[in-house]
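Please consult the sequence and the structure alongside the text.

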Amino acid sequence: MTSLDRFPFDRCASELLVALRVGHVTSEDLVQAALAQIEKYDPHVGAFLAVRGEKALDQAREIDRRRARGEKLGLLAGIPVAVKDNLCMEGEPTTCASRMLANFVPPYDATVVARLKAADAVIIGKTNLDEFAMGGSTETSAFQKTRNPWDLERIPGGSSGGAAACVAARMVPLSVGSDTGGSIRQPAALCGVTGLKPTYGRVSRYGLVAFASSLDQIGPLAQSVEDCALLLEVLAGHDPRDATSINRPVPPYRELVFQRPDAIKIGYVPEMLSDGVSPDVVRTMEETLNVFRSLGAEIREVALPHARYAVATYYIMACSEASSNLARYDGVHYGYRTDEKAMLAELAEERRRLQQEGNLAALDDLDTALVRLYRKTRAEGFGAEVKRRIMLGTYALSAGYYDAYYLKALKVRRLIRQDYDQAFERVDMILGPVTPAPAFRIGEKINDPLAMYLFDLFTVSANLAGIPALAFPAGLSTEGLPIGVQLQGPPLSEERLLQMGYLFQQVTDWHRRRPPLIENDRLLS
Amino acid sequence: MSMGERPYKIVIGLEVHVQLLTESKLFCGCSTKFGAPPNTQTCPVCIGMPGVLPVMNRKAFELAVKTGLALNGEIARFSKWDRKNYYYPDLPKGYQISQYDLPICRGGYLDIPAEDGEGTRRIGIIRVHLEEDAGKSMHDEKAGRADSRIDLNRAGTPLLEIVTKPDLRSPTEAKTFLTELKLLLNYLEVSDCNMQEGSLRVDANINLHIPTDDGQYVATPIVEVKNMNSFRAVERALTYEAQRQYEAFLETGHKLGDVPKQTRGWDEDAQITRPQRSKEESSDYRYFPEPDLVPVTITEEELERIRATLGELPAEIRRRLQTTYQITAYDSDVIVNQGRAFVDYYCRLAQGCGDGKMAANWVQQDVLRTLNERQWTIAQFPVSADNLAELLRKVRGGELDTAKARMVFAEMVEQCCSAGEAIQRLGIVQVDEGELRRLCEELVAANPRVVAEVKAGKDKAIGSLVGQAKKRNPNINPARVKEICLELIQRQS
Amino acid sequence: MSLTRQEIEKVALLARLILTPEEVDEMTGQLGRVLEYMALLNEVDTEGVEPLAHAVEFANVFREDRVEKSLDREIALANAPHRDDECYLVPAVLGDV
């Protein structure tokens, strides 16, 4: 066994795979390093909800043994990977960062988890998220806050905050997140790492705890575009268990990423660089456009006229679908249940009181025990943001409002998609900001839901249109916080996005910058 | 009380749910077999665990199309799925995947025998759609439990919901409709329609049209009647409910629209309907398109392909049997009710023996009786149609009388042999026609007094000749002897 | 778009949530503001526009009618908060059939 760098996960997964193959390191070394890194930094960052150290070591040793025997191994053999805790893993608690599922242990693997296992990846642990993936800061997790490794007083972004933070903090080289309205790209941008939301249907959703079914997608996070390409190739593919999964072969992304694409036209929307967007973000966008120009891309202005309606469209759709997807959490078949005895006693007391008062109308309306069981279970099991979205969604779908809200949103969604279709006739991809500003402070927006929602204005459109989007670091703010940009492309254009992203990372080094936490190796108490 | 005697007109519409005959559930691979121990036929998908997704069962969809075609409905070329959201412990996802605005089939009809026996009545269908079943919730009164027990074996079973127009005019018609529907769906191999096993459930909407003095009528509020567990219970429940509504009207004068729609449950023990608290009070189901399932489109070619698998349907078969084999509507009913295989048996038998009516009698009496006694299906019946036809031909030809034929039949059943072999085994000697004639000529010649009586109009006197013939030769066919003697006597004068 | 407390209570029942009076107040204000924002969509002319319910364009995805192994009962019930040896248990639902 040879010595490792201080931070083995400064290296790309692809480099590590080579090192593993030639025997410079073992998988056990890598897992030990990951565990050590987690032990050192995660008390401050809080990226992980659960770390399966012993099991991971066992798996790593087994892979080392198989490698020594000359057996054929999977594409990610021996690489430690973190998985967002809304992806079901058989035999391991899958909590979605909610009290509602604190004790839920799925009897099955999500398809992507099965694919990771088949690729011989070593799943180190489950990462923190906004509760049920509802949020953009990971602040709504019921269990812990995750802090941005670049500034521990700031949010890591969300909802895949843990998945982004653990890569940024060099705890693992790869992680898997989910993106419904930006939940991979936004934390990637705020934590200075690379993340991809694939085309809707490119990756199976089977086993991803549903938030908004027509928008959810699973995707890779890593320090580099090439690592994202590698991980995407493992995750992607048709799944007969997901009727919305695309039945087309998976291109060898991990090889294609290195190919130089032919003359690329990159569009951008000038309106996105106007007021409301921080000067740092504007500057980063302009610099990025220049880099692409220097790489030979033709830059054009495009219009996405309905972009200003995207947030409203998104939130109506997402909350409506969520209100239905979360109806199953009722304390009957799995998950949290309220203290039934206390609930029945409370109900009996209410009944007594109403009888005494002679309030027949209220008595008639009084919840049955079953209804009260549901109501209390859900009120106690869900956090405030989840409840807010369920209420909003229930309202939007309720009798008399469906046409005005949900149906209207579906129509505007088509217009937003048509905007992209038209833009992609003139350009191959669109470059844009991921967030209007770098990471804000923890607690800054949590009491203003609308402000929080508006922070998503640049990311939700890709989910509405079902198109792929790659987010990568492109600069630092004047305060030294990461700023990311994203490339959006037509459906199933992942290769080209990855190719352009890779090219960018060949001539820039934003993706190699380390958070001060790591850079200074300061031990914080 | 028949329809003509009632002081009101009854208006009934039915909402029928049938479980489809698929091996696996609508959205997952769990078995649909009836009677398994609780919660042994479930998986993450039908339990509605976090993260699972539904995938449509192709056969269920095709059975739905088959049904729509057989009911003469308009099949939607584009079908979509919707979520019906409500909370109940036997509905684990908190929503049911169903079809709301674009059901697989719209319109259509089913012709049923008219109550008065003359012709048919056409009962309109509003829609047919596909949806998943919920689980079962059981309340164990005996154990004095404060809990209900939930079994999800049934959750996710494919159901077809068939909604009729309010075209049914009496409780008896409602029962007839259900009987006819069951027959059709059995023939299509779409469903067992077995109410005892729960593979057919029905709710009824019923109200009255009460004539007023000015020649108009007033409609009473519609009541939904649930919890009827057999076709007979449907008839009884609706009979009770109609009378109850009439009395209620006389007392309160409530018309349609005066009060909200009521739900009442049939109490089989007390034989009355009782008001029921509806499961979801003023339900707002918040329907929206199911995002996890893509739509289904169907081409003309596919429709024709499915249409070609329908096979001949009960109504057509009845008509064909009546015209081809000259049997009565009643006879054709009995035969058709036994299923396709029995129909095939009958047809082969009728063709083989050349007498449809005789064949009909034999299958309805002897064959069916034997099947019931031995608990056989026609497929298991040891006497083939060809062999039975041979036997019946002998009866027609006069070689065997009916009584002997029955003995032979019994022997054929026991020994699984042909008619000829059975006759031999029983030692029945067949008297040939020539010998019979000679015997008759002898008897006629030897009994002038009998002949005179017959000529004078006393036909019964011939019995003595038959008796004598039997004494001379126990194997004679009495009916044939009578025929021949009569013929000889007539020729004399 | 201002929501009344009554409407909030009605929606809460529909969503099977129970809110404290403080939560009702907070929710009324917050949801009201969000819904006001949603009214932005009224600016968009969607006459003749087909709703986009699915991002994928394909149809007719089926599985064959084949039985697959179900979960062992113990595993199926393992996460149940309240159960007996065969079934999930809930407070009795009256009028059960």
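**From a loop of chain C to its neighbours**

With 14 C-beta neighbours inside 10 Å, C:Asn60 counts as partly exposed. This residue belongs to a predicted model, as does everything described below. C:Asn60 lies in the loop that joins α2 and β1 of chain C. Although C:Asn60 is not a glycine, its phi is positive, at about 60 degrees.

On the side facing chain A, 39 residues of chain C are in contact with 53 residues of chain A. Three elements of chain C, namely α1 (5-14), α2 (21-38) and β2 (88-91), each supply at least two residues of the side that touches chain A. Of the elements, α2(C) gives the most to this side, with seven residues. By residue class, the side of chain C that touches chain A comprises 30 nonpolar, five polar and four charged residues.

Chain C also meets chain B, where 33 residues of chain C are in contact with 40 residues of chain B. Here β1 (62-63), α3 (73-77) and β2 of chain C are the elements that give two or more residues to the side in question. The element that gives the most to the side of chain C that touches chain B is β2(C), with four residues. The residues of this side divide into 19 nonpolar, four polar and 10 charged.

C:Leu77 is found in helix α3 of chain C, and it counts as buried because 22 C-beta neighbours lie inside 10 Å, where 20 or more are required. Apart from neighbours within four places in sequence, C:Leu77 is in contact with B:Asn39 and C:Arg83. C:Leu77 and C:Leu41 are 36 residues apart along the chain, and their C-alpha atoms are separated by 45 Å.

The domain assignment divides chain B into domain 1 (9-301), domain 2 (312-426) and domain 3 (433-492). The centres of domain 2 and domain 3 of chain B, taken over C-alpha atoms, are separated by 31 Å. Four residues from domain 2 of chain B and five residues from domain 3 of chain B make up the contact between them. On the domain 2 side of that contact there are one nonpolar, one polar and two charged residues.

A UniProt annotation from an unreviewed entry, "domain: Asn/Gln amidotransferase", covers residues 344-489 of chain B. Over residues 344-489 the chain is 74% helix and 0% strand, and the end C-alpha atoms are 44 Å apart.

Which residues of α6(B) are buried? They are B:Pro314, B:Arg318, B:Leu321 and B:Tyr325. Seen down the axis of α6(B), these buried residues fall within an arc of 80 degrees, so they line one face of the helix. An α-helix has 3.6 residues a turn, so residues three or four places apart point the same way.

The face of α6(B) turned away from the buried side carries the exposed residues B:Glu316, B:Arg319, B:Thr323 and B:Thr324. The buried residues of α6(B) are covered by elements including α3 (171-187), α7 (329-337), α8 (340-353) and α9 (356-374) of chain B. B:Gln326 follows α6(B) and has a positive phi, near 55 degrees.

**Further backbone features**

Another positive phi in chain B belongs to B:Cys416, at about 50 degrees, although this residue is not a glycine. B:Cys416 is found in the loop between α11 (402-415) and α12 (419-426) of chain B. With 13 other C-beta atoms within 10 Å, B:Cys416 is partly exposed.

In chain A, the peptide bond from A:Gly158 to A:Ser159 is cis, with omega near 5 degrees. A:Ser159 is found in the loop between β3 (122-127) and α5 (161-168) of chain A. Elsewhere in chain A, A:Gln32 has its place in helix α2 (residues 27-45). A:Gln32 counts as partly exposed, with 18 C-beta neighbours inside 10 Å. Between A:Gln32 and A:Ala471 there are 30 Å in space, C-alpha to C-alpha, and the two are 439 residues apart in sequence.

Terms used. Residues numbered from 1 in each chain as written. Chains lettered and ligands numbered in written order. Predicted model: local features only at pLDDT ≥ 70, side-chain atom pairs only at ≥ 80, totals over all residues. Contact = placed C-beta atoms within 7 Å. Nonpolar A, V, L, I, M, F, W, Y, C, P; charged D, E, K, R; others polar. Domains from an automatic or database assignment. Buried ≥ 20, exposed ≤ 12 C-beta atoms within 10 Å, placed from the backbone. Arc of directions from axis to C-beta. UniProt positions renumbered as here; feature names shortened; annotations may be inferred.
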